[in-house]
Amino acid sequence: MKPPTMTPKTAMVLAAGLGKRMRPVTDTMPKPLVKIAGKTLLDWGLDSLEAAGISKAVVNVHYLPEQIVAHVAHRRAPRIVISDEREGLLESAGGIVKALPLLGSEPFYVINADTFWIDSGQPSLERLALAWDVARMDILLMLTDLDSATGHCVGTDFLVAPDGVLRRSKGDLAGLIYAGAAIIHPRIFKDAPTGSHSLNVYFDKAIAAGRLFGMKMHGRWITVGTPDAIPAAEAAVAGDLASASARKSAPIFGKHDA
């Protein structure tokens, strides 16, 4: 049985981006506060973390930060801690490195605040925790395929070996997309620089060591890159939630039923 300390209880939520492609919507609000189907992108992610039992979420802020700080102040779970990047945008990895003292020494979730998903069956973050193997992995990515993605139009990211080890797909349509959620062990950031840099540096480092793994999610993954992608995202949410409701309410017939 997996030691209980290996199931993450802390998460890093990457919410500091500028959201330039979402202008003019993001002229007056940070992208994580854009609403899809009545819920902010940020809350879609935080709700998934809450359902997975996460006790603390570190949310980094940079662009219009006071809006995010005020928004998360109303949440009870997970407990929100702000990592302030007002002095300079640090990108994905730089933001994590800055927040490491808040995240602790155990593996933690990382999620993007501008993408979300609707699970089919067991929640994806729970499945990710069950798949996590601290002895073999430094990073475990949640992945999805092109057919299960809404709003994605730039190819794929990774090819997956039978044992779950990843390598770059270079856009190969047979590959999978990084779905904006992962479990990361902080040891991968040993001797990391403190300035602005991308998580891709650490994905490649883990690939070289054979310690980057992936798990395909079950359900619909949604990314909203531009204002005209909002209607497609809302339609996808409505469709997937309706399908889930229909599955739950459908009668179950036994072998003697008509």
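**Pocket and sheet briefing**

The lining of the largest pocket divides into 18 nonpolar, 14 polar and 8 charged residues. This is a predicted model, where local features need pLDDT of at least 70, side-chain atom pairs count only at pLDDT 80 or more, and totals for chains, interfaces and linings use all residues. Residues are numbered from 1 along each chain as its sequence is written, and side-chain values use heavy atoms, without hydrogens and water.

**Pocket**
- The largest pocket holds about 1,200 Å³ of space.
- A pocket is an open set of points on a 1 Å grid where a 1.4 Å probe fits, with protein on both sides within 12 Å along at least five of seven lines; lining residues have an atom within 4 Å of a point.
- Of its 40 lining residues, Lys31, Ser92, Asn112, Asp114 and Thr115 lie nearest the centre.
- Strand E12 gives the largest share of the lining, 4 residues.

**Sheet**
- Seven strands form an open sheet, ordered E5-E4-E1-E6-E12-E8-E13, with mixed pairing.
- Strands are DSSP runs of at least two residues, helices of at least four; two strands pair with at least two bridges between them.
- E5 (79–84) and E13 (212–216) are the edges; each has a single partner strand, so one side of each lacks a neighbour in the sheet.
- E4 (residues 56–61) and E5 pair in the parallel sense over 6 bridges.
- Lys56 has Arg79 in E5 as its bridge partner.

**Helix packing**
- Helix H1 (residues 41–51) packs on the sheet, touching E1 (10–14), E4, E5 and E6 (108–112).
- Contact means heavy atoms within 4.5 Å.

Technical notes:
Axes fitted to C-alpha atoms, helices over the stretch in contact; angles between N-to-C directions. Points joined across faces, edges and corners; volume = space filled by probe spheres on them. Nonpolar A, V, L, I, M, F, W, Y, C, P; charged D, E, K, R; others polar.
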